[in-house]
Amino acid sequence: MERFIITVACADAPGIVHAVTEVLVRLGGNIVESQQFTSPDSGTFFLRIEVDAPCDREQLEAAMAPVKERFTMELGLHRSADRVRTLIMGSKDPRTLNEVLFDHHLGQLNIDVPLVVSNHMDLKKHADFYGVDYEHVPITKDTKTEAEARLLELIEEHDIELVVLARYMQILSDELAEKLAGRAINIHHSFLPAFKGARPYHQAHSRGVKLIGATAHYVTADLDEGPIIEQNVVRVDHTKSPDELIAIGRNVEGRTLAQAVRWHAEHRVLMDGTRTVVFS
């Protein structure tokens, strides 16, 4: 028996669940988890099933092909044991990078991390600690095109399926964002759009904020406006200094990004236009 994850997205219609589960029963499969949702906004039906089945992926794909065609499905078939090959990018702040690498080290993320890429050398010691290769790709206004070309080379060279921006303090070009659509996750503080630009925590402190938060989302050409995967908040009060707010914020960002990576790697995130359906 091998465990598979099946994801479905298609126009809602009667008989979808019956058609999918009938195939699995015929193969001798045992469903261990099933979640479904119909979007009232788009009319799209979403389904995620984990099943133990006595077949290989090719046999499952062949058995599901008529159902896929019948309902014009976007169908995903994944072996649960397959880890998502992930490249992590950072700049200087290690907190978010450490959170993801630590969870990966504990076996809590279904990913393999062959490489950390950064435009600075500050994070190399952290990558070394976890035994992950480190690539320094410096970037300036004049070398942005060459740096992004090198990144794409590394993605191809290491067969990367997911790019995680762990406080990578560079804006990706529209062209690169489009090439990474649906497979790049970013994190930012949830003050946006209230406190844009430099020193957002100092801006928040001066306004007496009472909530510190973080948003993990897919990367798009619209800066920090991609489909949201996960958000978290922590209450603060007037006693917190800007530096304390920064420390609290970095902690929330790390936890939020790691959770988003976990759900993505477990194929729990499905796209519904500009929104996500997350079968957590």
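Q: Which side chains meet Asp41 or Arg275 in a salt bridge, and how do I read that?
A: Look for a Lys or Arg side-chain nitrogen within 4 Å of a carboxyl oxygen of Asp or Glu. In this predicted model, the side chains of Asp41 and Arg275 pair up that way, at 3.5 Å from N to O.

Q: How many salt bridges does the rule find across the interface of domain 1 and domain 2?
A: Three salt bridges turn up there. The rule also gives seven residue pairs in polar contact across that interface, both partners at pLDDT 80 or more. On the domain 1 side, the elements giving two or more residues are β1 (2–11), β2 (30–38) and β3 (44–53). β3 supplies the largest share of that side, with five residues.

Q: What are the bounds of the two domains?
A: The domain assignment puts domain 1 at 2–79 and domain 2 at 84–278. Their contact takes 15 residues from domain 1 and eight residues from domain 2. The C-alpha centres lie 31 Å apart.

Q: And how is the size of an interface often given?
A: As the accessible area lost when the parts come together. Here domain 1 and domain 2 bury about 820 Å² between them, and 56% of it is on carbon and sulfur atoms.

Q: Is His189 buried or exposed?
A: The cut-off for buried is under 20% relative accessible area. His189 has 8% relative accessibility, so His189 counts as buried. His189 is in strand β9 (residues 184–189), and beyond its neighbours within four places in sequence, its contacts include Phe195, Tyr201 and Glu253.

Conventions: Residues numbered from 1 in each chain as written. Predicted model: local features only at pLDDT ≥ 70, side-chain atom pairs only at ≥ 80, totals over all residues. Heavy atoms only, no water. Helix = DSSP H or I, 4+ residues; strand = E, 2+ residues; numbered from the N terminus. Buried < 20%, exposed > 50% of the residue type's maximum accessible area, 1.4 Å probe, protein only. Contact = heavy atoms within 4.5 Å. Domains from an automatic or database assignment. Buried area = accessible area lost by both parts, 1.4 Å probe. Polar contact = N/O pair within 3.5 Å; in protein donor to acceptor, adjacent residues only side chain to side chain.
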